[in-house]
Amino acid sequence: MHPAPKTCRICGRRIEWRRSLAADWDSVTRCSAACRKRRLGRVDEALEAAITELLAARTGTICPSEAARRVRPEDWRPLMERARMAARRLVVAGEVVITQRGRVVDPSTAKGPIRVRRA
């Protein structure tokens, strides 16, 4: 029997147990080489805060692009993946859920447009 999956601290995706990770499974906290190189910074914290603030001001859902626009209005497109990562981290924290077409989806496997709403 394999151990329970973990969640990446950086991107919020699920890390499934693999034989190659078995020796170090207890210390695994990041899902990939890209996430191992990356650290959470002020922009990531600002995106999480923007998502939380936008949801507090509304009764419905928001798009991650709205948080990116709030953090960096003039050049928000490069922040889109980081905004999606921030949303996934908030899902892990139990604060929000990610939906597609009105249905709650697994944030690790969601592809395409997503919406974020309070949990």
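The model is predicted: local features need pLDDT of at least 70, side-chain atom pairs count only at pLDDT 80 or more, and totals for chains, interfaces and linings use all residues. Residues are numbered from 1 along each chain as its sequence is written, and side-chain values use heavy atoms, leaving out hydrogens and water.

Start with the order of elements. The chain has four helices and five strands. These are DSSP runs numbered from the N terminus, with H or I of at least four residues for helices and E of at least two for strands. Along the sequence they read β-β-α-α-α-α-β-β-β.

Now the overall form. The radius of gyration, taken over C-alpha atoms, is compared with a globule rule of 2.2 Å times the number of residues to the power 0.38. For 119 residues, a compact globule would have a value near 14 Å, so the chain's 15 Å agrees. The C-alpha atoms fill a box of roughly 45 × 30 × 20 Å along the principal axes. Of the 119 residues, 34% are buried, meaning under 20% relative accessible area with a 1.4 Å probe, protein chains only.

Look next at helix 4, residues 80–92. Its buried residues include Ala-83, Met-85 and Leu-90. Arg-84, Arg-88 and Arg-89 are also among them. What do the buried residues of helix 4 pack against? They pack against helix 2 (42–56), helix 3 (64–71), strand 3 (96–100) and strand 5 (115–118), where contact means heavy atoms within 4.5 Å. Just after helix 4, Gly-94 takes a positive phi of about 85°.

Conventions: Buried means under 20% relative accessible area, exposed over 50%, partly exposed in between (1.4 Å probe, protein chains only). The expected span of a helix is 1.5 Å times one less than its number of residues.
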